[in-house]
Each structure stands twice: as C-alpha cells, then as structure tokens.
Amino acid sequence: MHKNYRMSTEDKMSRLSEAIQYSRRKMQPFRENRMYAVRQYVGANYSENGSADKVPINMLEMAINIYRRQVAANNPQVVITTKNDMLSAESKDFEAVLNHKLIEIGFEKTLQKWVLDAMFGLGITKVGLSPGRVGEINGFKHDAGQIFIDNVDFEDFVFDMTAKRWDQIQFCGNRYSLPYEAVMDLKMFGKNTDDIVLQDSRISVNEQGDERVGNLQLGGESIGNEQYMPMVELWDVWLPYENIVVTMQADGQSAGFINSKPLHIIDWGGPEEGPYHLLSYIDVPGNVMPLSPAGLLVDLHDLVNRLFRKLGRQSERQKTITVVAGGAEEDGRRIVSANDGDTILSDRPEATREMKFGGVDNASLAFMIQLKDLFSYLGGNLDSLGGLAPTARSGKHDSLLRQSASVRIEDMQSRTTLAVTQVISAAADYI
C-alpha cells in the first residue's frame, strides 16, 4: 500500500542543496579538464597563473579560433514571416524590433563567447527579463523591464548529473554576484533580504577545491577589500517539475546555501524549455555532458609543444669547437684568435679540427612535423579551413579540399543555428 508523501518547503530546500552539492562534485573533473585546456589556450604569457610551461606553438588557440570564425562570424539577423497577409506589416515591425533589441543588448558578443565556451565543453546562456525596479544592477546592458541574454560560465553552472537527457533534469541553475548594498537598499527579496549575510571575501576556488577559471587574470588570489563594491553570491535554480525558480544565497565555501530558507521563489512564466540554453558540438551517448573540440585536440597540442621545447633545448646546447692534439696548443691559440681570411703558421695542421656537439635531432624534428600535420588532419583539415596554406597543386583542387574540410564546420554551424534560433525565440516570447 503506497503512502502519500509530501515534503515541506524546508525539506525540499535541504534535499535540493544536497542534490546540487552531489552534481557539483560530479562536475569537478569536467571543470578541471576545462581549466587545463584553457590554460593551454592562453599559454604562459597571459598572466602569472597561465600555463606552467611555454607554449611556443599554440595549436589549440589556432584551431579554436578557426572554428569560432567559421561558426559565429557575424551578428545573426532575424527574419519573421507570416502566412496571414493581414499580419505582414506587424511581422515586419516585430522583425525590426527584435533585430534592434539584439543589437542593443550586444547579442553578437554573447554569441561569440557562447560558441567559445562550447569549444571547451558546454556553452550556456540565460534568457530572461530584467525586473523593472532593479535596473542595471546585473550589468549596464541590463535595462529595466527589458530582455537579457547572458553567458553563464560553466564553473558557475549546475544541472542534474543523474539525468541522461536534458529534458529529464530535475534542476539546473547558476551562481552569480550582485552588489551587496544595492541588493539591501532595493530590498530585492522583500523581508527575506535581511537574511543575506555579507561575506568578507570571494574565494578563488570552487567548493571541491578546484580553481576557478575566472581567476586566471587574478593570479589565483581571493578577492576581499580589493573590490570597490562588496558583492553577494546568489544561486538561481530552475525546477522544471514544479516550474519554479528558487533564489538562495551561496555559501562561500561550498555549493550549499547559507540559509535553508529561500530568498525568493517565483513561478516560471517563460518558455517551456526554461531560462537556460545549451550549446555543444560532440554528443556522448547516454550523457548530457558533451565531448569538447578542445578536449579532443589538447593532448596532441601538448605533445607538439613538449617536443618543440625539447628541440629548442637541443638547439641551445649546440656548439662548435676547435679541437687540437696534445702539444699543439700554440697552433690552437693561433687558429682561435685568427680572423676570417687570415693566414697563420701551423706546425701540425693535421692535429687540429673543428667539431660540433648537440643540435636538433632530425628524427625528433620529423616526428614533430608529422604531429603538426596530424593535428590539422584530426581538426578537420585546419590548414585548409584557416586559409593557412594551399593543400593542392591547383586552385580547383584546393577548392574541392576546402569543401571536404567544411563537413565538420557545417555540422557545428547547424548546431549553432539551431541553438541560436531557440534563444532568439525565447527572447521573442518576452517581447
């Protein structure tokens, strides 16, 4: 006999906190792999917290930006049509309004970053409506009462890792920061605003101890009084089955919440697919988490650079010296001190010879060049895609090779177009 089972709001929030912490733990390896790939992407000269080793041949950066230019080169333009002739004027007006709004909120830059994030794993955007009384509290592109389309960094994201398909998730959400004083002055969460705790600093690692990729430019330091305005970290969590959005304050040391009592709970009145939209390029059967293009290429990129650094060390050790036999030291000194074209006296010229030591190993050099070509091959013929070098003897043959190389790009473009269409449709719903 089945018993009717209903949890209290407090029990639900406690279970939600535990589920989020579990999924965040399971997402840690993906965050760490992404961090490693991003470090290789920026190299050693980006900041003191970049790659530990020099990256003289940045194959990964080249591949990622070739893909990005091919997939998201321009600001998308919306075309709205209707089968009802009486609505044709309205459809054109709506088309103009939507295109203007996409320019106003800077959607082109959002799209570029969305595609770049997807190259390293999972690209996420959040679509919503800025509250009228809050204004630009979450960024100067956020106008009161207007739509926003924001990038969500993967390290600030969580979703139900037990789900096999995206439409089966029980929750997903993101962490974000708002100015503490503005939140308190505006009483953003009503009387629950008083439950917000001001934290001394924002730590530079996630709750499992893995470093936040956003701190690459800061050298891995925690942020305290260095910030002009004290910030408060919050979580928005969408629960599809209940069709609500819960806002709670984030614990600075974990993904749990400081207060079990939510700051805000509202019914979700937006599009059916929710506020979060994903972009990925390589699916994994039975898993929501995709395989990233950067993840496929980063190991080969690393091997190429390790070999090249080794060849560089060999080249630096290369030296040419003059060797003389015992008893012919005077001949050696005269030879070393002579200028080019001089005539010198030598008692034993046969006892003197020039010798070379060290230098680049030809077999290692050939192997590195082969790996470079293999990188281009596995990347979908990057030399052709990037216009780096002709790969055929005639322009016609080279054009055919470019068309063949574009098969992977066409798939990426198709996925991006579908994702962008869903995002713009969500924005259109609000308008």
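**Note on the predicted model: helix contact, sheet and strand pairings**

1. In helix α6, Leu-297, Leu-300, His-301, Leu-303, Val-304, Leu-307, Phe-308 and Leu-311 meet Ser-364, Leu-365, Phe-367, Met-368, Leu-371, Lys-372, Leu-374, Phe-375 and Leu-378 of α8. Contact here means heavy atoms within 4.5 Å. The residues of this contact divide into 14 nonpolar, 2 polar and 1 charged. Ala, Val, Leu, Ile, Met, Phe, Trp, Tyr, Cys and Pro count as nonpolar, Asp, Glu, Lys and Arg as charged, and the others, Gly among them, as polar.

2. On provenance: this is a predicted model, in which local features need pLDDT of at least 70 and side-chain atom pairs count only at pLDDT 80 or more, while totals for chains, interfaces and linings use all residues. Residues are numbered from 1 along each chain as its sequence is written, and side-chain values use heavy atoms, with hydrogens and water left out.

3. Two packed helices are described by the angle between their axes and the distance between the axes. For α6 (residues 293–317) and α8 (residues 362–378), the axes come within 10 Å and cross at roughly 155°. That makes α6 roughly antiparallel to α8, a label for angles over 145 degrees, where under 35 is roughly parallel, 65 to 115 roughly perpendicular and the rest oblique. Axes are lines fitted to C-alpha atoms, for helices over the stretch in contact, and angles run from 0 to 180 degrees between N-to-C directions. The crossing of α6 past α8 is left-handed, meaning that the near helix is turned anticlockwise from the far one by less than a right angle; clockwise would be right-handed.

4. The chain has 10 helices and 10 strands. Helices (H or I, at least four residues) and strands (E, at least two) are DSSP runs, numbered from the N terminus. Of its 431 residues, 42% count as buried, that is, under 20% relative accessible area, with exposed over 50% and partly exposed in between (1.4 Å probe, protein chains only). Among contacts in the chain with a separation of 6 or more, 68% come from residues 24 or more positions apart.

5. An open sheet is formed by 3 strands in the order β2-β1-β8, with antiparallel pairing; two strands pair if DSSP finds at least two bridges between them. Its edge strands, β2 (147–152) and β8 (276–279), each pair on one side only. From one strand to the next, the twist averages 25°. Strand β1 (residues 123–129) is joined to β8 by 4 bridges, and Lys-126 has Tyr-276 as its bridge partner in β8. Helix α4 (residues 107–119) packs on this sheet, touching β1, β2 and β8, and its direction makes about 25° with that of β2.

6. β3 (residues 157–159) pairs with β4 over 3 bridges, and Phe-157 stands opposite Asn-174 in β4. Strand β4 (residues 172–179) pairs with β5 over 8 bridges; Asn-174 stands opposite Asp-236 in β5, and Arg-175 has Trp-235 as its partner there. 7 of the 8 residues of β4 are buried, so this strand is largely enclosed by the rest of the structure.

7. Strand β5 (residues 231–239) is mostly covered, with 8 of its 9 residues buried. β5 also pairs with β6 (residues 244–249) over 6 bridges, in the antiparallel sense. Leu-239 has Ile-244 in β6 as its bridge partner. The β5–β6 hairpin has 4 residues between the strands, and Asn-243 takes a positive phi near 60°.
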